[in-house]
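Here is a friendly note to read alongside the model.

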Amino acid sequence: MATNDTPASELLNVQVVHLLSGVSAHGDQHLAEVERDLVQMDVLLDEAIKKLCASFMAIHHAVDQQQETLDGLLADGMPSPASAARFEALRDEIKQHVAAAVTGLQFQDMTSQLIGRMVQHLAGLRDVFGALDTNGSVLPESKKEVLLETLSHISDRVGACRTERAGGVRSTVNQRHMDSGDIELF
Amino acid sequence: MMKTILAVDDSGSLRQMLSFSLKAAGYGVIEAVDGQDGLNKAKLQTVDLVLTDQNMPGMDGLTLIKALRALKNYKDVPILMLTTESGDDIKAMGRAAGANGWLVKPFDPARLTEVVKKLIG
């Protein structure tokens with residue numbers, strides 16, 4: 001019986017080790033790619049928001065100066081009531097657009113938090129894939145007990161990964177639109 | 001005399017938008033990049049109101065509020081949380097820590113300044 005059981009166990013052991021190593025290597029490789037892309041996206045978003053904010057401030061400053069010039073012209077001359085009303089309406093319209101832009105430009109704060117969270121989860125998954133790796137070891141014995149012991153160690157390592165990461169991931173961002181949020185005074 | 005607000009957030013763009021909105025409404029603004037930086041700056045100069053994010057590296061918003069409330073000068077200074085979080089549990093924790101209000105991001109400049117004006121004039 002033992003002679004029949006041994007080759008099957010050996011084959012099983014080899015297959016399990018091969019499977020675990022394959023999952024570990026491929027998983028790690030794919031996650032590393034995703035992580036790199038996310039970090040790159042975060043860098044691009046960060047630069048984009050800096051440029052957008054700088055442009056926004058410059059436009060706002062220019063519009064302010066233009067408004068002052070217009071106010072001076074209106075004070076010196078005698079604008080028609082229609083023109084004065086039109087300038088007033090434009091001033092209000094610009095204020096609304098500026099307020100909307102300030103709300104919209106906060107997107108990077110939220111997307112950056114989400115990307116940071118994804119990177120944390122990816123790091124957690126990479127830890128798990130790392131824990132699955134048998135480091136290419138060939139199980140020295142053909143007995144099932146050795147395989148079971150190896151699997152038990154892997155299971156412990158995966159469990160340790162979960163414990164290490166628990167509580168380390170920041171809260172998610174639940175906003176689904178860029179309208180202003182609720183305000184509550186205590 | 002110009003009222004001063006301490007704006008604490010780890011996002012540079014958010015701080016810039018906060019600063020822009022509050023300065024446009026006539027307030028002075030001191031920026032801090034995280035809770036510890038906020039606490040340090042609050043100790044250097046007692047401000048009229050504190051606006052803080054919750055999730056920041058190092059010291060978070062709740063910890064900052066507790067630390068500020070432990071300071072004699074900050075027993076009665078209004079503190080507002082401005083965060084992406086809106087759960088009842090975290091709000092209750094904020095209230096227990098000593099926050100006076102909870103604002104969910106993103107903020108609208110007019111609504112923000114309205115709340116600030118209500119608290120410090």
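1. Accessible areas here come from the Shrake-Rupley method with a 1.4 Å probe, and for residues only the protein chains shown count as cover. On that basis chain A has an accessible surface of about 12,200 Å², and 60% of this belongs to carbon and sulfur atoms.

2. A word on the ground rules. This is a predicted model, in which local features need pLDDT of at least 70 and side-chain atom pairs count only at pLDDT 80 or more, while totals for chains, interfaces and linings use all residues. Residues are numbered from 1 along each chain as its sequence is written, chains are lettered from A and ligands numbered from 1 in the order in which they are written, and side-chain values use heavy atoms, with hydrogens and water left out.

3. Chain A contains four helices and one strand, in the order α-α-α-α-β from the N terminus. Helices (H or I, at least four residues) and strands (E, at least two) are DSSP runs, numbered from the N terminus. Of the 186 residues in chain A, 23% are buried, where buried means under 20% relative accessible area, exposed over 50% and partly exposed in between, with a 1.4 Å probe and protein chains only. Contact means heavy atoms within 4.5 Å. Among the contacts in chain A with a separation of 6 or more, 91% are between residues 24 or more positions apart.

4. Where does strand S1 of chain A find its partner? S1(A), residues 183-185, pairs with S5(B) in the antiparallel sense over three bridges; two strands pair if DSSP finds at least two bridges between them. A:Glu184 stands opposite B:Trp102 in this pairing. S5(B) also pairs with strand S4 (residues 79-83) of chain B, this time in the parallel sense over four bridges, and here B:Met81 is opposite B:Trp102.

5. Do look at the two faces of S5(B). In a regular strand the side chains alternate between the two faces of the sheet. On one side of S5(B) are B:Gly101 and B:Leu103, on the other B:Trp102 and B:Val104, and all are buried.

6. Strand S3 (residues 49-52) of chain B is covered on both faces too: B:Leu49 and B:Leu51 on one side and B:Val50 and B:Thr52 on the other are all buried. S3(B) pairs in the parallel sense with strand S1 (residues 4-8) of chain B over four bridges, with B:Ile5 bridged to B:Leu49. Three bridges join S3(B) to S4(B), also parallel, and B:Val50 has B:Ile79 as its bridge partner there.

7. Now for the empty spaces. Rolling a probe the size of a water molecule over the atoms shows where empty space is left. On a 1 Å grid over the protein atoms alone, a cavity is a set of points where a 1.4 Å probe fits but cannot get out; a pocket is an open set with protein on both sides within 12 Å along at least five of seven lines, and lining residues have an atom within 4 Å of a point. Grid points are joined across faces, edges and corners, and a volume is the space filled by probe spheres set on the points.

8. The largest pocket has a volume of about 540 Å³. Of its 20 lining residues, A:His60, A:Ile94, A:Lys95, A:Val98 and B:Ala24 are the closest to its centre. H2(A) gives the most to this lining, with seven residues. A:Val98 lies in helix H2 of chain A and counts as buried because its relative accessibility is 17%. Leaving aside neighbours within four places in sequence, A:Val98 is in contact with A:Phe56, A:His60 and B:Phe20.

9. The second largest pocket holds about 220 Å³ of space. Of the 14 residues that line it, those closest to its centre are A:Gln108, A:Ser112, B:Asp10, B:Ser11 and B:Gly12. H3(A) supplies the largest share of the lining, five residues.

10. How many cavities of 30 Å³ or more are there? The count comes to one, with about 50 Å³ of space in the largest cavity. Its lining includes A:Ile183 from chain A and B:Leu103 and B:Val104 from chain B.
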